[in-house]
Number of protein chains: 2
Amino acid sequence: MRLKPLKELGPVELRHLIREGKYTKQTSGLAAGYTQANLVILPKELAYDFLLFAQRNPAPCPILEISDVGNRTLSDFATDVDLANDFPKYRIYRHGKLAEEVTSIESFWRRDLVSFLIGCSFSFESELIAAGIEVRNITQHVNVPMFNTNIPLKKAGKFHGNMVVSMRPIPEEQVIKAIKVTAAMPKVHGAPIQIGNPEQIGISNLQEPDYGDAVEIKSGEVPIFWPCGVTPQNAIMQVKPDFVITHSPGHMLVTDIKNVELKY
Amino acid sequence: MRLKPLKELGPVELRHLIREGKYTKQTSGLAAGYTQANLVILPKELAYDFLLFAQRNPAPCPILEISDVGNRTLSDFATDVDLANDFPKYRIYRHGKLAEEVTSIESFWRRDLVSFLIGCSFSFESELIAAGIEVRNITQHVNVPMFNTNIPLKKAGKFHGNMVVSMRPIPEEQVIKAIKVTAAMPKVHGAPIQIGNPEQIGISNLQEPDYGDAVEIKSGEVPIFWPCGVTPQNAIMQVKPDFVITHSPGHMLVTDIKNVELKY
């Protein structure tokens with residue numbers, strides 16, 4: 001029996017609940033103010049190429065922390081943590097295809113696995129809201145619209161591809177503020193990559209996103225495009241690796257680090 | 001016969017001169033405004049651990065660019081470049097010991113080598129001077145004083161150790177400005193790690209640096225300590241790897257990227 005409402009739980013309490021299998025849903029809106037992280041787990045043989053890919057493409061692939069090989073713990077973003085159980089839901093990919101969705105990856109664990117924690121736009125959305133900027137996908141309770149672009153990434157070993165971006169419509173008079181707020185957070189994608197001209201990056205219809213949901217763009221609003229964390233997952237899947245684990249969309253790790261700390 | 005004075009040569013002209021073996025001295029003060037880079041070349045088998053070490057310790061180990069395995073060229077910091085000839089002087093280390101100093105590493109090249117270009121405090125010193133802050137080691141025409149500290153680095157695979165810092169005395173009334181100027185340049189070590197209290201980081205005598213030269217500290221000046229690029233070299237040498245190449249101190253790569261670009 002839980003004593004506190006879910007929304008009042010701190011990150012450690014939440015991770016315990018999730019670890020025990022008592023919470024398996026999305027983490028959006030939980031542990032307000034704390035950084036949530038994406039997950040990519042790869043065999044060591046792919047880890048160098050992927051780390052190099054992230055180093056060369058930090059805006060779409062901002063690495064928050066990397067585990068030691070075979071290790072299910074972290075040092076910086078959480079201490080009381082078990083990477084094999086503390087995400088509410090995981091996806092197992094084999095040969096580039098989704099094989100199953102599970103709430104624990106304990107039985108899949110291998111000694112050659114490396115876990116990459118990747119920054120997520122949840123963190124900068126909460127800073128935008130704190131700065132008085134409406135985030136439409138949050139207001140409309142839908143996923144942020146995401147688009148494939150024609151922006152080539154820097155290749156690294158096996159990994160290559162184009163950037164995926166997320167779009168948020170911002171009132172014209174708040175565009176500069178939105179740039180300033182997000183530019184201050186390079187560990188969670190940072191500044192936008194394009195403002196107001198979707199055609200230039202190969203996007204033809206804002207109402208038909210490649211991932212997530214369409215949102216309303218009101219008169220006087222400018223569509224703003226940020227590098228998106230779907231980018232590294234896309235690049236990995238194109239390689240069709242034998243074995244990859246990711247978090248399930250929206251089912252993130254709640255860390256002990258506050259969003260505001262990501263500015264420093 | 002050179003037609004222009006050395007100080008007026010741009011980065012491409014300088015690299016050509018160096019590539020042809022016609023300039024083999026220090027690069028300090030050359031191609032003013034352009035970023036100069038440190039070099040570490042490691043066999044691929046050590047590259048993952050080293051990249052992870054740099055990712056976990058970005059302040060002392062800021063990576064500017066990493067070559068593809070076996071490749072002597074770059075994509076971002078210089079295009080017309082040959083990493084085996086464009087540094088005026090290189091050091092070859094075998095089993096952790098300096099074996100020789102050469103002006104070309106062409107004959108040492110191996111297909112398993114990875115080159116790491118690392119940010120250098122030359123870049124932020126030029127921004128400090130532009131902001132009206134005297135950099136004592138430049139005024140005195142000596143090397144910056146550098147010290148071993150008790151600040152532990154985050155371990156990564158084989159690599160570990162303590163941070164090495166550089167010290168610059170700054171007038172009390174300019175300390176905040178000096179922090180702001182360098183904090184804006186995280187790709188070249190960023191903000192200081194300690195201000196005014198050397199004992200706290202294990203430094204007992206500012207007139208006896210572990211590397212470089214002592215500088216005068218005038219009345220009303222505060223010693224400020226920045227993470228230093230000697231840190232990764234130290235961490236590598238402690239592992240005593242079979243084969244490592246670095247630039248010779250002060251003999252850097254002059255890149256095509258302006259220092260001011262490192263802010264973005």
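Gly132(A) comes after helix H3(A), and its phi is positive, near 85°. Helices (H or I, at least four residues) and strands (E, at least two) are DSSP runs, numbered from the N terminus. This is a predicted model, in which local features need pLDDT of at least 70 and side-chain atom pairs count only at pLDDT 80 or more, while totals for chains, interfaces and linings use all residues. Residues are numbered from 1 along each chain as its sequence is written, chains are lettered from A and ligands numbered from 1 in the order in which they are written, and side-chain values use heavy atoms, with hydrogens and water left out.

H3 of chain A covers residues 122–130, and its buried residues are Ser123(A), Phe124(A), Glu125(A), Glu127(A) and Leu128(A). Buried means under 20% relative accessible area, exposed over 50%, and partly exposed in between (1.4 Å probe, protein chains only). The cover over these residues includes strands E1 (34–43), E7 (162–171) and E9 (221–227) of chain A, along with helices H4 (136–139) and H5 (175–183) of that chain.

Of these neighbours, take H5(A). H3(A) packs with H5(A) at an angle of about 135°, and the axes are 9 Å apart. The axes are lines fitted to C-alpha atoms, for helices over the stretch in contact, and angles run from 0 to 180 degrees between N-to-C directions. H3(A) and H5(A) are therefore oblique to each other; under 35 degrees counts as roughly parallel, over 145 as roughly antiparallel, 65 to 115 as roughly perpendicular and the rest as oblique. Their crossing is right-handed, a term for the near helix being turned clockwise from the far one by less than a right angle, with anticlockwise giving left-handed.

On the H3(A) side, Phe124(A), Glu127(A) and Leu128(A) meet Ala178(A), Val181(A) and Thr182(A) of H5(A). Contact here means heavy atoms within 4.5 Å. The residues of this contact comprise 4 nonpolar, 1 polar and 1 charged.

In chain B, H3 (residues 122–130) and H5 (residues 175–183) pack at an angle of about 135°, with axes 9 Å apart. H3(B) is therefore oblique to H5(B), and the crossing is right-handed. Ala178(B), Val181(B) and Thr182(B) in H5(B) meet Phe124(B), Glu127(B) and Leu128(B) in H3(B).

Chain B also has helix H6 (residues 230–238), where Thr231(B), Pro232(B), Gln233(B), Ala235(B), Ile236(B) and Met237(B) are buried. Among the elements they pack against are helix H2 (44–56), strand E3 (90–94) and strand E10 (243–247) of chain B. After H6(B) comes Lys240(B), with a positive phi near 45°.

Back in chain A, Ser67(A) sits in the loop between strand E2 (63–66) and strand E3 (90–94). Ser67(A) is buried, at 2% relative accessibility. Apart from neighbours within four places in sequence, Ser67(A) is in contact with Thr73(A), Leu83(A), Val114(A), Ser115(A) and, from chain B, Arg56(B).

Last, the cysteines. With a disulfide taken as a pair of cysteine sulfur atoms within 2.5 Å, the count over all chains is 0. For Cys61(A), the nearest cysteine sulfur is that of Cys228(A), 10 Å away. Cys61(A) is buried, with a relative accessible area of 1%. For Cys120(B), the nearest cysteine sulfur belongs to Cys228(B), 8.8 Å away. Cys120(B) is buried too, at 5% relative accessibility.

Note on methods:
Ala, Val, Leu, Ile, Met, Phe, Trp, Tyr, Cys and Pro count as nonpolar, Asp, Glu, Lys and Arg as charged, and the others, Gly among them, as polar.
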